[in-house]
Amino acid sequence: LQRTTVSYEILLVDTASSDQTLAIAKEFPVRIIHESRKGRNIAHQTGADNAKGVLLCFTEADCQLPPNWIETIAKAFETNPNSAAVVGRYVFIDSTPLYEWLSRIILPIGDTLFRLIHGHYSLRASNFTIRKAVLHDVGGFNPLAREFDDVELGMRVARKRVITYVPNLVVYTRDRRIAGRITTYLQELLGNYVRTVILRQVIHKKMYADIR
């Protein structure tokens, strides 16, 4: 549960999952939205379309949120009223010392480099919030973007609006995408970066390996 005075609702978008997601979710005060179409971009847009709030907070199924997550987001928008979106970071838990160090040190450096090179911070699907009106104004999540849909959205938002990076807005996740395959993961990451950010292409198919 979140420790905050801010009113919020929790939406879980289930894209025809075959595990215990629904059974577990039904034990908690969440609103379950069923979406037959696959894809993170589709799930995010479905959640946005069904949300009642003016701020849309996004995270992912394998993330753990600290109890001050929503409060930190609310304060970030209060401090930065001109922000269209705020983005945080993630750190690995229950991982090796090397991977945990990488997530705590290397990822923030990467965020800063992206800002220096491209003039704005990138959105991160596991930990970002956007004003609902802004999401609508920029056309929502691209339904064709199967990878880097968060980054592609951030590029559209940043053309005329401000994305604020909040270093203390942190979520926790597992290292399942890189454990034992960090070289392959970096190759996938670089390929998606070049296609989306440099070549301005929409990636129509999954490029990351499907790691469960």
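**View 1. C63, a buried cysteine in this predicted model.** C63 has a relative accessibility of 14%, and because burial means under 20%, C63 counts as buried. How many disulfides does the model hold? The count is 0. For C57, the nearest cysteine sulfur belongs to C63 and lies 13 Å away, leaving C57 in no disulfide. C63 is likewise in no disulfide, with the sulfur of C57 as its nearest at 13 Å.

**View 2. The largest nonpolar core, with 20 residues.** Look here for F128, I130, L153, V157 and I163, the members with the most contacts inside the core. At least two residues each come from β3 (55-58), β5 (83-92), β6, α5 (132-137), α6 (149-157) and β7 (162-173). Which of these elements gives the most? That is β5, with 3 residues. A second, separate core has 16 residues, including Y90, F92, V166 and L169.

**View 3. The surroundings of V157.** Setting aside neighbours within four places in sequence, V157 is in contact with A84, I130, V134, V138 and I163. Two of these, I130 and I163, are also named among the core residues with the most contacts.

**View 4. G119, in the loop between α4 (97-118) and β6 (128-131).** Is G119 buried or partly exposed? With a relative accessible area of 46%, G119 is partly exposed. G119 and M155 are 36 residues apart in sequence, and their C-alpha atoms are 9.9 Å apart in space.

Conventions
Residues numbered from 1 in each chain as written. Predicted model: local features only at pLDDT ≥ 70, side-chain atom pairs only at ≥ 80, totals over all residues. Heavy atoms only, no water. Helix = DSSP H or I, 4+ residues; strand = E, 2+ residues; numbered from the N terminus. Buried < 20%, exposed > 50% of the residue type's maximum accessible area, 1.4 Å probe, protein only. Core = buried A, V, L, I, M, F, W, Y, C linked by side-chain atoms within 4.5 Å. Contact = heavy atoms within 4.5 Å. Disulfide = S-S within 2.5 Å.
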